[in-house]
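Hi everyone, thanks for making the time.

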Amino acid sequence: MNEIIGDLCMNGIMIQGTSSDSGKSFIVTGLCRLFSNMGIKICPFKSQNMSNNFYITHDNLQMSTAQAVQAQAAGLTPEIFMNPILLKPTHDKSSEIILNGKIFDKPAEKNFYYDEFTETFGIKAAREALNYISQNFEAVLIEGAGSPAEINLNAHEIVNMRIAREADVPVILVADVDRGGSLASVVGTLELLGNDRERVKGIIFNKFRGDINLFQPAVEWTENYTGVKVLGVVPFIKNVKISPEDSLSMNANEKISSDNVLTFNNAYDEIAKILAENLDMKFIIKLIHHEDTMLRPQ
C-alpha cells in the first residue's frame, strides 16, 4: 500500500525532520505567515499529532495546538481538517484518540492503532481532509512527525512519506544543528528512505549558533554527498516564542484557548522575516507550484 501515490497532485510542500524537535512546527509556522503575506492562500496540515496540548475550535472540537497556531499565522480560523487525528497520551502504552475533533470510542493501545485504525478510520480521515484542502486552498503546507526513517513504523504510518505520496508533494528535510550530529542525521535519514528519497528536494539546517562562515563547508559537503540542495541555515532563535507541540513541553492536559493563541501573533512576522532572510524562498515557491527544480544543487 505504501507504494501507491494518491489521486491528488496538490500545490504544496511537506516539512519533515530528521528527528523530533528538529523545528518542523517552527518552520511551518513561519512559512505560513510568509506565504500568507505573499498573497498565497496556504493551509497548514498535519494528519496525526501526538500531544496533550490541544485547542478548542469555534465549533467545540479538539485539535492540535501546533496546527491552530499555524492557522493563526496563515490568517485562518483553526479548523479540524487541518489536524484530523490527535493522539493524547494517557500512559506509556496508550493514548486517547481524537478523530475529527471528537473522542474515538477505543484507545490507541495493544497494536489496535497501527493494525486497525490507521488503515481504516485514520487514512480515510487524512484523505478527506487533503481533498477538502485541495478544493478550497491554493496550496498546502504539510508537517510530518518525528522522523520518516522509523522503519519499524513505516508499514502503517499515516503522517510522513505516506502522506507526501497521498498529496504528491515534494519534501523538505529539517535537521537540528544545535543538538549535534546533524550531518549524520541527514545522511542516515536519506539512506533509509528507499524510493521516497527522490521526493526530498531540499534540506534546512535549523537552530544554528555561531559564525555561519564556519558552517559553510558542511553545507557544501552535504550538497555534494547527498545531491540534495541545502535551502538555508536558520539561526537559533532565543526570544521568539510560539506554542510548543511536544507533549512533554507543557503540563499534561493543558488546554490552549483562543486567547492563548492570539498572544503568539506578534511572533509570526518575526519568524517569517528570519526565514525569508535565511532560506532560498524562490526555490521553495517553485517546489510548491511543481515548477521545474533540479534535484542536484547548481
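Predicted model: local features only at pLDDT ≥ 70, side-chain atom pairs only at ≥ 80, totals over all residues.

Let's begin with a strand in the middle of things. Is strand β1 buried or exposed?

Now look at the two sides of β1. In a regular strand the side chains alternate between the two faces of the sheet. Here, Gly 12, Met 14 and Gln 16 are buried on one side, and Ile 13, Ile 15 and Gly 17 are buried on the other, which leaves both faces of β1 covered.

Which strands does β1 pair with? One partner is β9, residues 139-143, in the parallel sense and over four bridges. Within that pairing, Ile 13 has Leu 141 as its bridge partner. The other is β10, residues 171-176, again parallel and joined to β1 by four bridges. There you can find Ile 15 opposite Ile 172.

Let's step back to the whole sheet. It is an open sheet of six strands, with parallel pairing, and the order is β2-β9-β1-β10-β11-β12. At the edges sit β2, residues 42-45, and β12, residues 230-235, each pairing on one side only. On average, neighbouring strands here are turned by 20° against each other, direction ignored. If you follow the order along, β10 and β11 pair in parallel over six bridges, and Asp 176 has Asn 206 in β11 as its bridge partner.

Next stop, helix α5, residues 182-191. Which of its residues are buried? They are Ser 182, Val 186, Val 187, Thr 189 and Leu 190. Looking down the axis of α5, these buried residues fall within an arc of 165°, so they line one face of the helix. On the other side of α5, Ala 184 and Glu 191 are exposed. As for what the buried residues pack against, that is β10, β11 (200-208) and α6 (216-226).

The largest one has 42 residues, and the members that touch the most others are Ile 142 and Phe 205. Leaving out residues up to four places away in sequence, Phe 205 touches a list that includes Ala 175, Val 186, Phe 215 and Val 233. Apart from this core there is another, of 33 residues, with Ile 27, Leu 31, Leu 34 and Leu 279 among them.

Let's turn to a second sheet. This one is open too, with four strands in the order β3-β6-β7-β8 and mixed pairing. Its edge strands are β3, residues 48-50, and β8, residues 102-103, and each pairs on one side only. Between β7, residues 94-99, and β8, the pairing is antiparallel over two bridges, and Ile 98 stands opposite Ile 103. Lying across β3, β6 (85-91) and β7 is helix α3, which runs at about 15° to β7.

Now for the aromatic rings. How many aromatic pairs are there? The count is twelve. Take Phe 104 and Phe 112: their ring centres are 6.3 Å apart and their planes are at 20°, so this pair is stacked. Phe 104 is buried at 15% relative accessibility, and Phe 112 is buried at 7%. Both belong to a cluster linked by ring pairs, together with Tyr 113, Tyr 114, Phe 117 and Phe 121.

Trp 221 and Tyr 225 are another pair to look at. They both lie in helix α6, four residues apart, about one turn of the helix. An α-helix has 3.6 residues a turn, so residues three or four places apart point the same way. The ring centres of Trp 221 and Tyr 225 are 4.8 Å apart with planes at 10°, so they are stacked. Trp 221 counts as partly exposed, at 40% relative accessibility.

My last stop is Phe 137, in the loop between α3 (112-136) and β9. At 14% relative accessibility, Phe 137 counts as buried. What does Phe 137 touch, leaving aside neighbours within four places in sequence? Its contacts are Lys 41, Ile 42, Cys 43, Leu 76, Phe 81 and Tyr 132. Finally, Phe 137 and Met 10 are 127 residues apart in sequence, with their C-alpha atoms 9.7 Å apart in space.

Key:
Residues numbered from 1 in each chain as written. Heavy atoms only, no water. Buried < 20%, exposed > 50% of the residue type's maximum accessible area, 1.4 Å probe, protein only. Pairing = 2+ DSSP bridges. Core = buried A, V, L, I, M, F, W, Y, C linked by side-chain atoms within 4.5 Å. Contact = heavy atoms within 4.5 Å. Arc of directions from axis to C-beta. Axes fitted to C-alpha atoms, helices over the stretch in contact; angles between N-to-C directions. Phe/Tyr/Trp six-rings, centres within 6.5 Å; stacked < 30°, edge-to-face > 60°.
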